[in-house]
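Hi everyone, thanks for coming. Let's take a short walk around one model together, and please have a look at it while I talk.

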Amino acid sequence: MNSNIIPTSALKPQFTFTASPANDFSADAPLIGQARVRAAFKLLTHTRDQHMYLADFNGCDRKGILNALVKTEGVIANKQLVLKDDSTYWTAGDTDADSVLASKQHDYVYLSGTIKKHDLIGRYNTSSNQYQPGALASSHYLFVCADSIWKREALWELLLEIIDKKEYQIHSSLPALALDCKIILIGSINQYGQCWLGEPSFSNHFPLLGESVNEIDLTETSVDDYNLWLNFIIKRLDLTLDTGARQIVLEYSARLADHQQRLSLMAVNIEQLLAQAAALAQQQHIDASALTHCLDMFSQRHNASEKLSAQNFDDLFIALPTEDEQIGQINGLTVIENAEYSYGEPARITASVHYGDGEVADIERKSELAGNIHAKGMMILSSCLYRIFGKDAPLHLNANIVFEQSYQEIDGDSASLAEYCSLISAISEKPIKQSIAATGAIDQFGNVQAIGGVNEKIEGFFKLCQRRGLTGQQGVIIPCSNMQQLNLHRSVIEAIEKGLFTLYQVKHIDEAAEILMQTPAGIADEDNQFPEGSLYGLVQERLDALAGYQDEEKSFFVKLREKLSFFS
């Protein structure tokens with residue numbers, strides 16, 4: 001068996017439950033994997049005059065995390081705000097009820113959206129001469145959406161002033177009210193960095209940072225613990241899941257995390273998926289078939305641009321062969337990313353060579369249709385080529401590489417493996433199998449490095465081959481380091497199990513070239529000469545022939561001398 005062929009057991013993550021997942025969950029279930037957040041919040045409860053910034057992420061269960069933090073790590077005590085001798089202070093002891101202005105009625109309050117001043121500090125009723133407490137006075141912990149309060153510059157300045165003075169003024173009829181509340185701002189880590197650099201007093205007031213993670217590593221957290229986190233979501237939706245459905249949820253979660261050994265904590269995405277599955281099945285119990293149908297319906301709702309792209313290939317508006325062989329042509333793989341949906345799209349890459357001064361030209365770059373990372377990949381490709389064949393003498397060739405029928409900007413270095421193979425094919429005049437697509441970045445030593453969107457790229461080429469008819473000769477070459485990200489659609493896995501499609505993993509450019517051109521790359525001897533008939537031997541022969549071209553073309557002076565000699 002070819003050692004480059006990826007076995008079917010590696011095509012998706014494998015999950016094992018140590019026990020049948022029960023429907024129970026603990027109070028700290030929403031805090032799975034959030035050790036940094038818990039540690040920062042615990043320290044917050046035991047420090048004076050220090051507040052905290054909680055950096056979370058889109059799709060997290062923000063309210064569930066806040067509630068679990070306060071319940072598991074919060075320190076709650078009965079306290080009253082007392083007015084005495086034209087001053088105020090907080091006390092936990094018994095006191096005269098007439099002198100109490102406010103008490104801690106809530107463990108915590110979360111403010112977001114359109115926050116008003118009285119939400120924060122409260123208001124004074126002049127008709128009744130009574131203070132109506134705001135969140136600062138009525139709660140032990142105040143969580144504030146950073147994005148919401150930063151939009152209100154005056155309110156943001158007020159909050160910083162309150163923290164700085166440790167008191168705030170409500171009305172001229174009352175003295176300044178003492179502050180006894182832990183304030184936690186919640187936002188992105190980018191917002192935290194901007195505020196740290198742009199607001200001089202921010203670092204003094206919010207020295208504690210709790211940065212949450214959006215995924216867990218199964219080498220550190222068990223699948224059973226993740227199931228407890230999942231139960232928290234299931235319970236909130238009043239649903240039940242069987243084991244088969246749980247397996248699919250775990251696969252979906254791993255796909256969100258883009259890794260076989262990691263699971264996503266994007267609770268919103270998973271909650272939406274389960275709610276949609278229940279609605280489509282019209283029942284509260286979700287099995288594997290209901291969840292599979294829900295995922296298919298999600299793709300159907302979001303794949304309009306993918307369908308249009310597929311139609312262009314099917315109508316042959318875009319020329320991209322998936323059978324036979326071609327010299328200097330290969331099928332590369334790209335990913336089209338929309339806001340909520342991404343899909344793979346094959347791209348035909350061609351290379352041509354001719355006598356020249358050693359330049360490997362990127363037509364995409366010259367036409368200003370390529371980004372800086374793609375340009376860097378082309379430079380690395382050139383360096384790799386010179387490392388192999390240009391150690392002792394310059395290369396007397398010019399090469400042009402292009403993405404055919406591409407009319408939008410291309411960036412990234414994930415096509416550099418395919419571009420290298422197409423260039424080697426053009427030089428050696430060895431044809432490439434068009435039934436096999438390739439993706440991968442390369443370094444100067446020829447090692448194949450990981451790329452992004454590996455599942456989408458494989459599935460994109462597979463769908464094209466499937467529409468044209470699977471022959472058993474089609475497949476995709478990927479970097480070995482991307483195997484841990486494989487999480488393929490069941491249709492791809494079924495085709496591979498039947499021998500109708502093949503995935504190859506490679507660590508070096510030579511392995512990919514051998515698969516694509518069915519010729520051993522060859523190993524150089526001590527004089528840096530490759531065996532005759534090997535792929536690199538053919539490349540070397542062509543380069544030597546190009547180097548001899550300058551000897552065949554006589555200069556003007558040589559021709560003149562020969563002509564004068566003839567007449568003499």
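Let's begin with Ser414. Leaving aside neighbours within four places in sequence, Ser414 is in contact with Leu333, Thr439, Gly440, Ala441, Ile451 and Lys457, where contact means heavy atoms within 4.5 Å. Before going on, a word on the ground rules. This is a predicted model, where local features need pLDDT of at least 70 and side-chain atom pairs count only at pLDDT 80 or more, while totals for chains, interfaces and linings use all residues. Residues are numbered from 1 along each chain as its sequence is written, and side-chain values use heavy atoms, leaving out hydrogens and water.

Which residues does the UniProt annotation "active site" cover? In that unreviewed entry, they are Ser414 and Lys457. They span 44 residues in sequence, yet no two of their C-alpha atoms are more than 10.8 Å apart, so they gather at one spot. Do remember that UniProt positions are given in the numbering used here, feature names are shortened, and annotations may be inferred rather than shown by experiment.

Are they buried or exposed? Ser414 counts as buried, at 16% relative accessibility, and Lys457 is buried too, with a relative accessible area of 4%. Here, buried means under 20% relative accessible area, exposed over 50%, and partly exposed in between, using a 1.4 Å probe and protein chains only.

Lastly, where does Lys457 sit? Lys457 lies in helix α17, residues 454–468; helices are DSSP runs (H or I, at least four residues), and strands (E, at least two) are too, numbered from the N terminus.
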